[in-house]
Amino acid sequence: MIPFKEALENRVLVCDGAMGTYLYRKGIYITHSFEQLNLTKPELVREVHREYISAGADILETNSFGANRYRLAKFGLDDSVREINLAAARNAVYEARGGVYVAGSVGPLGVELAPLGKLEPGEAISAFEQQISALIEGGADLIIFETFLNSAELRLAVRAARNISKDIPIIAQMSFSDDSATVLGEPVEKVVRFMDSLPVDVIGMNCSVGPAPMLDVISKMASISEKPISAMPNAGQPRLVEGRLIYMTTPEYLATYAKRFIRSGVKIIGGCCGTT
């Protein structure tokens, strides 16, 4: 398999879809740690990876989005960060079998940074380093930061990754609302210029919105940045149907927008919540 950066130069790459909402559809409830399933139900996690490979994915994301010490502490698992992330990477690598790329998935820490909260930058970097080092040790080919809402936290996450590896490829993604701004009110133009300055290989957007509003943001990104762009929308907004959250967007609708993403210059296309 050719190096990831070389592949990115030559063609559009397809990333996989949702993990958490897909595991939910397979019977795992939100009171359970999805990341712990890497240890307790590895075959279920691998089943999801296999389905995405069968569907044509070029990139698998590890089941590790919330596998940092702060999010895992909510389930009493903060002492299992390394074990869970190692297993997450190895589960994906096992199914990839050298035929697709494995991206170590890293999400926000789930706690507020100072001065809004109590978490100091050094503590945040340490938490990210703990997770990222285990993902790389487990065999991840690249790191993907996703669903970040705060540019300051993303900067710390990228710094942590570069403290561990100067050359591992990094995809950095933030989430924007329908008004093309972050939840903190940062406009997309400002955020893209910030992301463009980071030592990462791909910048993009994931989660929060469906394909249509994401296309508006992605188009602005592509017009500002010279970095490769990634787009991973939700399957629209979920509706509550008989006690379950159901995403209404069809594969055909998402495929239509995938073509529009490509025409806008996107080099990596995947899916987030509600996609399968």
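**Salt bridges, burial and a helix crossing**

Modeller: In this predicted model, a network of salt bridges links Glu43, Arg50, Glu95 and Arg97.

Biologist: Where is Arg97, and why is Arg97 called exposed?

Modeller: Arg97 sits in the loop between α6 and β3 (101-106). Its relative accessibility is 56%, and exposed means over 50%, so Arg97 counts as exposed.

Biologist: What makes the contact of Asp201 with Lys5 a salt bridge?

Modeller: The closest N and O atoms are 3.5 Å apart, and the cut-off is within 4 Å, so the pair qualifies. Asp201 is in the loop between α9 and β6 (202-206) and Lys5 in helix α1 (residues 4-10), 196 residues apart.

Biologist: Is Asp201 buried or exposed, and how do you know?

Modeller: Asp201 has 19% relative accessibility. Buried means under 20%, so Asp201 counts as buried. Lys5, at 37%, counts as partly exposed.

Biologist: Which other salt bridge does Asp201 form, and what is the N to O distance?

Modeller: Asp201 also pairs with Arg162, with the closest N and O atoms 3.7 Å apart. Arg162 belongs to helix α8 (residues 151-164), 39 residues from Asp201. At 11% relative accessibility, Arg162 counts as buried.

Biologist: Why are α4 and α6 called oblique to each other?

Modeller: The axes of α4 (residues 42-55) and α6 (residues 81-96) cross at roughly 45°. Under 35 degrees would be roughly parallel, and roughly perpendicular starts at 65, so the two helices are oblique. The axes come within 9 Å, and the crossing is right-handed.

Key. Residues numbered from 1 in each chain as written. Predicted model: local features only at pLDDT ≥ 70, side-chain atom pairs only at ≥ 80, totals over all residues. Heavy atoms only, no water. Axes fitted to C-alpha atoms, helices over the stretch in contact; angles between N-to-C directions. Helix = DSSP H or I, 4+ residues; strand = E, 2+ residues; numbered from the N terminus. Parallel < 35°, antiparallel > 145°, perpendicular 65-115°, else oblique. Left-handed = near helix turned anticlockwise from the far one by under 90°. Buried < 20%, exposed > 50% of the residue type's maximum accessible area, 1.4 Å probe, protein only. Salt bridge = Lys/Arg side-chain N within 4 Å of Asp/Glu carboxyl O.
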